[in-house]
Amino acid sequence: MIIRRRHFVAAGAAGLALPLPAFAQQAAPLGPPDPAAAQREGRLVIYSNMQAENWRPVIQGFNQKHPGIRVETIDIGSREVMERYLAERGTGSATADLLATAQPDGWIDFSRRGEILEYVSPEAGAWPDWAKPLPGLYTISADPLIFLWNNALVPEARRPKSFAQFAELAAANAGPWRNRVTSYGVHTAPFGYAANFAFTRDRPQAWDWLASVAKAQPRFETGGGPMTEKITSGEYHIGYFVSAITIWPRLADPARARLLGWSFANDGQVLMMRGVAIPKGARNINAAKLMLDWIVSKEGQQAFGRGGLTPARPDVSAGDGIRHSYSSIVKDVGGENNIVLVNYDPNMISGFDAFQTRWKSVFGIR
């Protein structure tokens, strides 16, 4: 059974730089789940920044294996996933049993607080080290941030296949593309900061490329939904670092599929790592472990792929309702050297102010 609600974090949890709550840091059991105990728990609460459509095939498969466990997903912003948990944990209130969000700096902070249950799934051996970045934290998906354009407004010759090409196109078309280019803003969206940080860290040319893009005076959004809708309507001509998992489900509409085009960047394809972990404040521990084991299994990853995400487990391929997987993207862009992982770099936290200042200067933002 799937129950979905959307809530917003309570006032007072203004950011992840909350003081450490005054609760006992007691580790929950780390052993394997007890299926009978999970049935007695009968409930599982998940806070995530993913929509019901993403969860539906995953929860359906889980309930086939473990009937009787009611799964409730609460869809909130990426940052609010942890803020809400910490606020509730600090007051002793009931809170989530599983957290799932694309928030690399948030997960680093969460781990430093000792809030991740360091559970080792029996599926862990099938995953590479990069996909198990912190003890107890696993990767649900590695979702690409891509180019998206309006086919009616961007002719074939102006459709980029690399970021270097996009930078040249933006500079050459600075007039017609003025205020018609969009992306996430570093100053307004955690996604934007994480993507730009990783991109400039891993590609020495990236700051020069961004300076060329800035000539078109892009306008920035806080989410992939507004970008996609405004590109569809023609308000924007083209976007970069646009969330593919926002776009791809919309392409099931034939009219939109004819109007919109997209591509990977074959000289630095950014992949956003979406993490999942059991927090130490979880009450339904056994149900949470069963779900985590299912999520990181090959079958669970395939279910997330059918739900629109990009399976990160290397032995999951595209096809059978899965548009792309980590492995298929690596193949499409010519190898792992052309992948930029938005990973769990602690410099992402310490370097935020300096990075934002430099990025704003490039784009002329005060």
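**View 1. The largest nonpolar core of this predicted model has 117 residues.** Such a core is a set of buried Ala, Val, Leu, Ile, Met, Phe, Trp, Tyr and Cys residues joined through side-chain atoms within 4.5 Å; buried means under 20% relative accessible area with a 1.4 Å probe, protein chains only, and exposed means over 50%. Look for W107, F163, Y240, M291 and I295, which have the most contacts inside the core. Helix 11 (residues 285–296) gives the largest share, nine residues. Helices here are DSSP runs of H or I with at least four residues, and strands are E runs of at least two, numbered from the N terminus.

**View 2. Here are the neighbours of Y240.** Leaving aside residues up to four places away in sequence, Y240 touches, among others, F163, F166, L210, F220 and F363. Contact means heavy atoms within 4.5 Å.

**View 3. Helix 15 has a buried side and an exposed face.** F355, Q356, W359 and F363 are its buried residues. They sit on the same side of helix 15 because they cover an arc of only 95° around the axis, taken from the directions from the helix axis to the C-beta atoms. Facing away from that side are the exposed residues D353, A354, T357 and S361. The cover over the buried residues includes helix 6 (190–202), helix 7 (206–214), strand 7 (219–221) and strand 8 (238–243).

**Notes.** Residues are numbered from 1 along each chain as its sequence is written, and side-chain values use heavy atoms, without hydrogens or water. As the model is predicted, local features need pLDDT of at least 70 and side-chain atom pairs count only at pLDDT 80 or more, while totals for chains, interfaces and linings use all residues.
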